[in-house]
Amino acid sequence: MTTARFLPYLPMGRWALVAVPALALLSGCMVGPDFTRPAALASQHYDIGAERRLSRDADANGVPHIDFDRKVDGDWWQVLGSAKLDEVMRQAIAGNLDLAAADATIRQADEAVAATRGGLAPQVDVGARGGRQRAGGAGALATSNVYAVGLQVSFDFDLFGGTRRKVEEQAALAELQRHRFDAAYLTVTGNVAEQALRLASAGAQIQAVQTLLTDDRKNLELVQTAHRYGSATQVDVALATSQLAQDETLLPPLAQQRDIARHALSVLAGRGPADWVPPDFALDDFSLPADLPLSLPSELARERPDILEAEAQLHAASAAIGVATADMYPHLQLSASASQIGPGGGMLWGLLGGLTAPVFHGGTLQANRRASIDGYDVSMANYRQTVIVSLGQVADVLQAIGHDGEEYAAQQHALDAASTSLRLNRQGYRAGETSVLQVLDAERTYQRALIDHIRATTARYLDTVELSMALGGNSSGAFARSATGRHERDGSEQPPVRSP
């Protein structure tokens with residue numbers, strides 16, 4: 001190299017003693033920022049008004065006790081106390097195709113990390129050349145075969161850590177995919193619980209509506225009989241007929257809700273609706289927990305998979321700044337080759353060191369670095385927005401728990417009143433004080449109150465599911481916990497065997 005004349009003369013062995021430690025020192029340098037996790041949230045509350053009301057109304061109006069500063073422990077759906085739900089959850093986790101796709105995406109991301117990390121090691125290739133040549137002099141020409149076989153080795157010293165930053169970036173993206181799997185896991189399990197509750201609610205409402213229609217038909221028969229004997233008018237018959245027709249419209253939408261929920265559970269389990277039918281859930285299969293855990297906002301960012309996913313994206317963006325910065329610095333590469341030339345040609349070897357330093361690229365390298373910084377700012381804004389949205393979701397659910405508790409209490413009061421009215425009308429009928437039409441009307445009122453009560457009860461169960469999901473559902477590490485179950489498949493669904 002032309003710069004060799006400016007260096008003091010040292011024998012080759014001494015040059016190695018000096019150069020190797022120097023290069024090792026340089027190769028330990030990494031330009032660009034070192035990533036640090038965003039600071040924990042300073043807020044200690046989600047919604048002060050909702051938290052105070054829940055603390056005040058705990059154990060009243062059916063409002064569960066909120067256990068502040070406690071994380072969700074174990075499988076979050078265990079709080080619902082349903083063995084049927086546990087079984088369906090296991091089938092969904094093992095068979096859901098969204099989880100299978102997320103699993104494969106994680107493996108793909110891990111391989112990208114391994115491929116990028118390979119750039120830190122020497123690159124060794126084998127090469128071979130062959131041909132024929134004619135050589136000679138003084139009128140004597142000879143034709144012969146010639147070939148060369150040898151190794152080629154190259155190594156990038158990564159003086160300023162560009163490759164290592166690329167490895168860091170790929171590792172952060174692989175971590176992002178793990179959190180994305182956890183988010184999919186939380187979504188799948190949450191949807192299973194919601195659809196199971198909707199299936200149970202639709203079944204209970206269908207049963208109540210069928211009883212209501214039975215009362216309507218009895219009422220119509222009695223009015224028609226009374227009309228034949230002259231004690232009821234045609235208007236009374238029309239009103240009874242209209243009431244039956246109106247109540248009959250309640251049944252088809254509920255049947256549709258039931259079927260949609262049943263089909264959704266089949267799809268969530270990775271099966272067609274004709275191939276697997278979930279069990280018939282009833283509201284009695286579930287129980288509301290007396291206590292609901294509520295982790296602090298400062299812990300939420302460490303629990304929710306979407307926030308952790310945004311944090312991993314932020315980490316990747318930080319590493320990308322280092323990659324773009326390293327491109328602005330020199331690159332030092334060492335390459336060597338050794339070939340056996342035959343026949344009779346002996347050994348040919350070479351050793352070459354190359355230093356490439358950017359001088360002028362039309363502003364491209366500087367623009368790339370500025371763009372990577374802008375990308376980091378985008379990721380930071382997205383991270384903060386994800387955190388804020390999560391706080392709003394938890395606050396919404398806390399408000400819903402309080403409001404639904406009030407609605408449940410009102411519906412319970414209405415149901416109790418309708419039950420009392422029905423009991424008194426039946427007693428009056430036996431005593432000859434009330435007519436059978438009054439009894440039937442009281443029965444209809446009770447059945448309608450029962451339907452509204454079922455809906456209010458379902459809303460409270462759904463609140464429990466929504467709160468668990470809004471807090472992250474203890475889904476962190478779900479990939480590691482469920483990988484074995486997802487891969488227990490037979491036939492062609494087995495993950496492909498990969499050659500080394």
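**Exposure, packing and salt bridges: a guided reading**

Visitor: Why is Val-126 called exposed?
Guide: Val-126 has a relative accessibility of 64%, and since exposed stands for over 50% relative accessible area, buried for under 20% and partly exposed for what lies in between (1.4 Å probe, protein chains only), Val-126 counts as exposed. This is a predicted model, in which local features need pLDDT of at least 70 and side-chain atom pairs count only at pLDDT 80 or more, whereas totals for chains, interfaces and linings use all residues. Residues are numbered from 1 along each chain as its sequence is written, and side-chain values use heavy atoms, with hydrogens and water left out.

Visitor: What makes Val-124, Val-126, Tyr-147, Val-149, Leu-151 and Val-153 a nonpolar patch?
Guide: A patch takes residues with over 30% relative accessible area and no salt bridge, joining nonpolar side chains (Val, Leu, Ile, Met, Phe, Trp, Tyr) within 5 Å, while like charges are joined within 9 Å. These six residues form such a nonpolar patch on the surface, with about 530 Å² of accessible area together, areas being computed by the Shrake-Rupley method with a 1.4 Å probe and, for residues, with only the protein chains shown as cover.

Visitor: Which strands supply the nonpolar patch?
Guide: Strands β2 (123–137) and β3 (140–156) each supply at least two of its residues, and the largest share, 4 residues, comes from β3. Val-126 itself is found in β2. Such labels follow DSSP runs numbered from the N terminus, with helices (H or I) of at least four residues and strands (E) of at least two.

Visitor: How do you know that Leu-97 is exposed?
Guide: The relative accessibility of Leu-97 is 55%, so Leu-97 counts as exposed. Leu-97 belongs to helix α4 (residues 97–117), and its C-alpha atom is separated by 9.3 Å from that of Arg-271, 174 residues apart along the chain.

Visitor: Why are α2 and α10 called oblique to each other?
Guide: Helix α2 (residues 48–57) and helix α10 (residues 364–430) pack at an angle of about 40 degrees, with their axes 9 Å apart; the axes are lines fitted to C-alpha atoms, for helices over the stretch in contact, and angles run from 0 to 180 degrees between N-to-C directions. Angles under 35 degrees count as roughly parallel, over 145 as roughly antiparallel, 65 to 115 as roughly perpendicular and the rest as oblique, and α2 and α10 are therefore oblique. α2 passes α10 in a left-handed crossing, a term for a near helix turned anticlockwise from the far one by less than a right angle, with clockwise giving a right-handed crossing.

Visitor: What makes α5 roughly antiparallel to α9?
Guide: The axes of helix α5 (residues 162–228) and helix α9 (residues 305–326) come within 8 Å and cross at roughly 165 degrees. That angle makes α5 roughly antiparallel to α9, and α5 passes α9 in a left-handed crossing.

Visitor: What phi does Asp-158 have?
Guide: Asp-158 has a positive phi of about 50 degrees, although Asp-158 is not a glycine. Most residues other than glycine have a negative phi. Asp-158 is placed in the loop between β3 and α5, and its relative accessible area of 8% means that Asp-158 is buried. Asn-474 also has a positive phi, near 50 degrees, and lies in the loop between α11 (436–470) and α12 (478–486), where its relative accessible area of 22% makes Asn-474 partly exposed.

Visitor: Why is the pair of Lys-71 and Glu-299 called a salt bridge?
Guide: A salt bridge is a side-chain nitrogen of Lys or Arg within 4 Å of a carboxyl oxygen of Asp or Glu, and in this pair the closest N and O atoms are 3.5 Å apart. The pair links distant parts of the chain, Lys-71 being in the loop between β1 (65–68) and α3 (83–95) and Glu-299 in helix α8 (residues 297–300), 228 residues apart. Lys-71, at 42% relative accessibility, counts as partly exposed, and so does Glu-299, with a relative accessible area of 27%.

Visitor: How many salt bridges are there by this rule?
Guide: The count comes to 22 salt bridges. Among them, Arg-302 pairs with Glu-311, the closest N and O atoms being 3.8 Å apart; Arg-302 is partly exposed at 25%, whereas Glu-311 is buried at 9%.
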